[in-house]
Structures are given as C-alpha cells and as structure tokens.
Amino acid sequence: MILARVATFFILLLLGATPARADVNRDGGPGPRRVTEGTLLWRTASQSTPTPAPLLATDVDLRVTGLVVRATVRQQFSNPSGEWAEGVYVFPLPEDAAVDHLKMRVGDRVVEGVIRERVAAKKAYEQARQQGQRASLVEQERPNVFTTCVANIPPGAAVAVEIEYQQAVRYDAGRFRLRFPMVVGPRYIPDTVALGASGAGWAPDTDAVPDASRITPPVRHPSEGPINPVTLRIELDPGVPLAGVESPSHAIHTTSLRGGRYEIALQQGSVPADRDFELAWAPVAGAVPAAVLLTEAKGDEVFALLMVMPPAPAAAARERLPREAIFVLDHSGSMAGASIQEAKAALKLALARLRPTDTFNVIRFNHRTDGLFQEARPATSQNLGAAERYVDALRANGGTEILPALVRALDGGEPPDRVRQVIFLTDGAVGNEHRLFEAIRERLGDSRLFTIGIGSAPNSHFMREAARLGRGTFTHVGSPGEVQQRMTELLRKLESPVLADLRLELPGAGDPEVLPHPLPDLYAGEPVVVALRGRTLPTHAVLRGRSGTTAWEADVPLRESAPGAGLAVYWAQARIAALLDQRRASAPDGDVRHAVIEVALRHHLVSAYTSLVAVDVTPARPADAPLISHALATNLPHGWEYDAVFGAGQGATAAPLHLVIGLASLSVAAALRLWLGRGNAPGLVRHQRGA
C-alpha cells in the first residue's frame, strides 16, 4: 500500500501536480501538521526527516461511579535532544468522550487549558509559539480522534500532558461495559481525486477524504517490537452487588474494597498500545433496578442521567416474524489474520440460526463487491451449504470499499411479509465515514442495519453511528474467545421484535429537554438511556411504543438513586451530538456551528468548533533557537498482518487505480533504487518502513 502511495506521489510530480506540504513557520521551521492517533512530531528547520521520539508512559485512571465514568489520561514524553522542541500528538479517545480539561507539565511549570472558539484558540497558540512561550492546544479531528500541540519544550525536559473526559457506561444483555481505545488501525482512503497533502500521513488528501493525510500516521513494523506502553487503573463503584468482573481484551487483577467497590489494574503492569481495553461487570440477578436516576444541580437548572429497563413485552408480542437477513462481510487486507477468522466464525453462527421460513444472502467485499446469490433465497439446507462454502473460500486482501457493498445491501427491496435485517461485519477501517452515513440516510428504507465490529481496534465511531442511523445495534467481537457469547447476544436481538416508535413522558417535570430525541429503537436486553435538563425532577416515567404490531407501554416509578457529578457535561455532549446530527440532515451549517459553540463554551467542552488552549505568559525559548523534529509511530493493531495492509495494492487506492499504480511502481522503484543508491533521501526509506 505504501509503495503504491510513493508511486502516486511521483506520478503527480511527473504530471506536473504539486502536492501540498506542511505549513512553514515564520522562523523558517516547518509548522505543526495535523496528524492522527499516537503520533508525536517534533518540528525543526534543520531536520526534515522524522525519527522516533521515545514515549515514556501512558497512564490511564478511570473512576466509575454507577453509570458515569471520569477519566484522566496522562501521556508522558521526553525531549532527548539538546534543542528546544514543539510537539504535535494525536491520540484516540472513546467516540462519546466529553473532553473538558487539559493540563500540561513541562519541568516545574504547569499550564492549564481554557476553552475557546477553534480559530481563536489556534491563533492564541500560534502567537505563543512564535513568541517562545510554552503553550498547548487540544483540537478534535473526529469524535474519537484528538490532537494536542505542545510548543517550546526545553532541551532534555520531560513532558506530561493530562486530558480529562467524561462518558457514560453502556448496559446490554445483563452486563455493564466500558472501552478505552489505545490505537486506531490504518484506514483505507478512497482516491477519486488526489488533492495533495495537508498533514504528515502517508496518504494524500482526496476529494472523498479531505483530511486523509492527517489520519494515516506511520505504523511501526511488528518485527521492530512493540512501543507505547500503557498502564491502566480503574476504581469501580458499581452501586449494585456484582456477580463478576472481567476484561475480554486484557489480563487484569481485581481487588475488592470496602463498600462494594473494586480496584482493577492490568495484570502485566503495562501493555503496548495495540488494542482497545474493555471491561465488563455483571450485577447479581435482580440487582439492577427498573430505573436509575442520577442528578446534578447547577444554578436554577437540574441535569440528570436516566436509565430505564423496559419490562419484557407480552408473549403475544414476542412472536417471531420471518426475516430477510443480508450478511455483508469485509475481507479486505486489514481483516487478514485473526479478524477474518473471527468474522467467518460469527457469520457461520448467524447462518446456523436461520429458519426455513427466512430468506438470506451473503455479500462480500474488499475493493470489489459480489454476492452469493443475485437476490435473497430461502434458508434451505442446500442454500446454507452453498453459503458455508462461499464463506470458507474467502481470503483477506485488497482495499476496503464499503460504499458499493453498503448500497447493494440496502437496495435489495423491502419484502412486505418479513423483517429485513442487514448484518455488516467489518473493522470499519475507512476514512470516508461521512459519505457512508449519507448513503445509510438515503437508502435505509424499512431495513435495519446491525454492525459487528471485528478485531482488536475497530473504528467504533463509524460502527456505532452507522448502527444508530440504521436503527440497529453495534456489537464488538474483539477476540476469538468472544465470538460465541457476543454473537449469541446479537442473534437473540435479531430474532426478537423491536420496541419501536418509543416515546418517553415525564409527568411532573414541567417540560424538560430530553436527549436523544427521538428515542432510538430498543432490542432485547437494552435500556432507555437519556440525558435531561429541566427545572424540576420527574416522579415517574411512562414509556410508550410498539412491539411488533402490538401497542406497548410501561409506567416506571422514579426516585433519585444518587447525586452525580459532571452530568451537565454529559448533557452538553449529547446536545452537541444532536446539533451535529442536524447539520448532517441538511440544517444550515452556520446555524449549527453557532449553536455548538454556544453550548461548548458554556460547558468548557472540546468540539468540532471549539478547542482547549493553554499559554504560559513567561517567554522561554530564545528567538534564534531551532526546533527538533521527531515522529513517534503507532503499533499495528493486535492480530493484523502488516504485509496484508501495507503491501502494494492492499488498500491505498480505489480499485481502478491498482493496475495503473502497480505498473507505475515498477518504473518508480527502479528510479528510487538508483536515487537512494547515491545516498539521497534516507528519511524516505525510514518513513516507508515506519508507515
């Protein structure tokens, strides 16, 4: 893949195109480029080739109180050189993280962050950088990707950057779960038209992904060993007695504390940042109340987080309707290794649960899309046998062109006599999420879209948002040991009627603002979770909806379970998400931008339009001191195969260009060999190796 990218770069030069390059500082050094997860870049005028900068440690503290998580992420680095440095660090966080605090420590100096409009924050940071003042800037690239810039770090100094965020835990199928992402895998970038490069990544920006060069950071080859060690500590106060605590992703050590609390740490002490960390805890049977209400008073307003467990629908409403199940399986290069085996096992479990009254089809895709049948067929033993052979023959290679497969799956018609369900198995390693969301909005019809995130580090933002827009659910299968359990949970949902057209009434609470609105459909084992803002608290909740073709309602008494800190932040994050959803639904962008900025500034939140900036007013760096540039590579996600992702033609470009680039690569490779043989551009060799 990277060889193809290098070939593309030289073809652009031969055709007279001029790829964009990094901004240049007024002092002559290259300016900060916006990159992606896990990359620390140190900029300099005297050194244009990045070399690895050591990561000392990442320390993560998660405090879980009932439904609320408060997290502190401390990233510690050192400047090993004898010159002043500027750093640009890009990292992943949960897609629903409400980032509201920044603290930077350089030597004995502590710099606190304040929230400003994004343009103003960037301007303040740039001015401080030029004046030699210590400064830091935190920007949101995507809902799950953030960038921190650190300016004027002294020679030989250690640097610690602390970021705090808040989120809510998720409850499903009898378990509470939280996930902390540690790495985001390389993403496939469609290349309809190359636009140059605005960032430091290996992929040029394209019309399909205008920020592609900012979301394709260097990746360390596994043969060089893992980097970026992480320690993680969790203080868990679940509020209910537990039957068990486990992590399906990592070995953990759990210590019981007084008051039903637990302390959890990684058994190995530290682990490389190469997969998502997930923790699950199961309450004892009957311990979860029908409703949980957490509140926080701020001024004359009350903010609340409400979770309601709907009673099971009556037996008559649980009758299973015939289904049309369309399974879509990603077999691109990023799925090579453990991921494709997990996906095949998951799909076979789903096929085995089909009934003769159901119809089905299997669609597979990499940079090409094809299907087992032209249209859905009955789930006979003969057709299911053909499906198993079709799945067994799959090999993971090529690019990740999700859009054609998504369109084919959603355009299959809407049979009036059955429920149509599209089950999408992928790691979601793509950069054109917004275009895929548009396709779901345009083509969903009466279908339901269920996403299954495969592997150790799926793109959870894409997977969860696609399921929300598709009125389905998101399931993560992170390892072979999870396939049976997670797929069984999902298949129960697929086989049960959904609670649809839900309405939540809160008598006695005036007219509170409830988010999300409208409420999503609910599947078996899922609760209603909403954020509230109002003047008074509700005394009970009434849920109304439809189960299959039967009207359904439940009256749930409410009482305040416990006071909660930071619930105003949680509500504000939900409000921002709702506003951005309006923008995607064609609301005027200017109106949405203004509303998002107003909410984010009031609640001190990083958003698409606001950033955290911290400036130490004391000048530190002499005006004539150069800046050293280093790049820290990320690990390849656990279970991925490097050559399947980064080999020539493995997903760097759209399929129609593969042949052209492959032929061009032969000529370019000869030229490169001759050029490099003369001692030129050693940095290019290291960049290819690292990316």
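Modeller: One definition is needed at the outset: axes are lines fitted to C-alpha atoms, for helices over the stretch in contact, and angles run from 0 to 180 degrees between N-to-C directions. Please also bear in mind that this is a predicted model.

Biologist: Are helices H3 and H8 parallel or oblique to each other?

Modeller: Helix H3 covers residues 338-352 and helix H8 residues 483-494, and their axes come within 10 Å. The crossing angle is roughly 40°. Angles under 35 degrees count as roughly parallel. H3 and H8 are therefore oblique.

Biologist: Which classes of residue make up the contact of H3 with H8?

Modeller: From H3 come Glu-342, Ala-345, Ala-346, Leu-349 and Ala-350, which meet Val-483, Gln-484, Met-487 and Leu-491 in H8. By class, this contact comprises seven nonpolar, one polar and one charged residues.

Biologist: How are H6 and H7 oriented to each other, parallel or oblique?

Modeller: The axes of H6 (residues 433-443) and H7 (residues 460-469) come within 10 Å and cross at roughly 15°. The crossing is right-handed. Since angles under 35 degrees count as roughly parallel, H6 and H7 are roughly parallel.

Biologist: How many charged residues does the contact of H6 with H7 have?

Modeller: On the H6 side are Glu-433, Leu-436, Phe-437, Ile-440 and Arg-441, and these meet His-461, Phe-462, Glu-465, Ala-466 and Leu-469 in H7. Sorted by class, the contact has six nonpolar residues, one polar and, as for charged residues, three.

Biologist: Is Asn-432 buried or exposed?

Modeller: Asn-432 is found in the loop between strand S27 (419-426) and H6. Leaving aside its neighbours within four places in sequence, Asn-432 is in contact with Pro-190, Ala-208 and Val-209. Its relative accessible area is 9%. Because buried means under 20%, Asn-432 is buried.

Technical notes. Residues numbered from 1 in each chain as written. Predicted model: local features only at pLDDT ≥ 70, side-chain atom pairs only at ≥ 80, totals over all residues. Heavy atoms only, no water. Helix = DSSP H or I, 4+ residues; strand = E, 2+ residues; numbered from the N terminus. Parallel < 35°, antiparallel > 145°, perpendicular 65-115°, else oblique. Contact = heavy atoms within 4.5 Å. Nonpolar A, V, L, I, M, F, W, Y, C, P; charged D, E, K, R; others polar. Left-handed = near helix turned anticlockwise from the far one by under 90°. Buried < 20%, exposed > 50% of the residue type's maximum accessible area, 1.4 Å probe, protein only.
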